[in-house]
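This report walks through one protein chain for a reader who has not seen it before. Please look at the sequence and the model first.

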Amino acid sequence: MDAGTTVVLADPHAMVREGLRLALEATGRMTVVGETGCTEEAVRISSRAKPDVLAIGFQGRRGRTLWAIRKLRAGDPGTNVLVLTDSERNESLDGIIESGARGCIGKDRTAGDLVIAVDLVAAGRMRLPRQASRLVRRRVVTNGSGAEARLARLSEKERRIVVLTARGFTSKEIGRRVFMTAKSVDNARGRVRRKLELKTRAELIAFADKAGLLEGEA
């Protein structure tokens with residue numbers, strides 16, 4: 001069984017935090033270990049709780065979001081940061097990535113999109129919107145070595161299971177789509193991980209993203 005992913009939520013709007021918390025904890029494998037509406041408090045909570053991910057709402061210069069990212073990354077590099085923006089066309093995206101965040105996601109995206117983004121960031125992968133500038137994308141160092149060769153080890157059904165898992169579907173939901181029982185899906189996913197030399201669900205999702213299997217879901 002995968003180890004749970006721990007998350008700290010930081011956004012000035014309580015309603016936003018509540019919605020995010022419900023979406024993440026509904027997965028059954030993510031736990032919100034702290035939340036706050038204050039940027040400085042977000043750094044203090046994260047430094048103490050050492051979560052896998054800090055999901056922080058972007059508040060611009062006065063909100064000191066970029067300061068918080070730099071501060072946290074300097075003191076606790078094990079915590080990856082996902083920035084929540086009002087729009088994925090945020091003009092500060094270059095600064096967000098430069099400060100050390102692993103990416104951003106618009107608050108108008110679906111709960112499923114959020115779960116995928118947190119999984120990617122928890123695995124140390126980047127989550128960039130389609131609108132990311134070429135400059136930002138050039139800063140992202142990716143290593144796709146052997147991805148195609150590893151994918152070639154999978155059957156079409158196994159590849160389908162990888163994609164559906166990465167998109168947040170449950171074993172039961174996947175089973176209905178590939179005509180398997182939920183238990184058979186779980187067993188197949190275990191075989192897929194061994195074939196791809198991966199240990200966790202987060203690593204599986206990161207691999208799917210790196211291999212381009214999630215294009216259209218970014």
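In this predicted model, strand 1 (residues 5–10) and strand 2 (residues 30–36) run parallel and are joined by six bridges. One of the residues involved is Val8, whose bridge partner in strand 2 is Gly34. Together with helix 1 (residues 14–25), the two strands form a β-α-β unit that is right-handed.

Helix 1 contains Arg17. Is Arg17 buried or exposed? Its relative accessibility is 13%, and because buried means under 20%, Arg17 counts as buried. Leaving aside residues up to four places away in sequence, Arg17 touches Leu9, Asp11, Pro12, Glu35, Thr36 and Gly37.

The chain as a whole has 218 residues, of which 46% count as buried. Its secondary structure consists of 12 helices and five strands. Among contacts with a separation of 6 or more, 63% are between residues 24 or more positions apart. The accessible surface is about 11100 Å², and carbon and sulfur atoms account for 48% of that area.

In soluble globular proteins, nonpolar side chains tend to be buried together. The largest nonpolar core here has 20 residues, and the ones with the most contacts inside it are Leu54, Ile56, Val81, Val83, Ile96, Ile97 and Ala101. Strand 1 is one of the elements that give two or more residues to this core. The table lists others with their residue ranges.

| Element | Residues |
|---|---|
| Helix 2 | 39–49 |
| Strand 3 | 53–57 |
| Helix 4 | 65–75 |
| Strand 4 | 80–85 |
| Helix 5 | 93–98 |

Which residues of helix 10 (residues 171–178) are buried? They are Ser171, Ile174, Gly175 and Val178. These four lie on the same side of helix 10, because they cover an arc of only 105° around the axis. The buried residues pack against helix 9 (156–166) and helix 11 (182–196). On the face turned away from the buried side, helix 10 carries the exposed residues Lys172 and Arg176. Just after helix 10 comes Phe179, which takes a positive phi of about 60°.

Key
Residues numbered from 1 in each chain as written. Predicted model: local features only at pLDDT ≥ 70, side-chain atom pairs only at ≥ 80, totals over all residues. Heavy atoms only, no water. Buried < 20%, exposed > 50% of the residue type's maximum accessible area, 1.4 Å probe, protein only. Contact = heavy atoms within 4.5 Å. Areas by Shrake-Rupley, 256 points an atom, 1.4 Å probe, with all protein chains shown as cover. Arc of directions from axis to C-beta. Pairing = 2+ DSSP bridges. Right-handed = clockwise from strand over helix to strand, strands pointing away. Core = buried A, V, L, I, M, F, W, Y, C linked by side-chain atoms within 4.5 Å.
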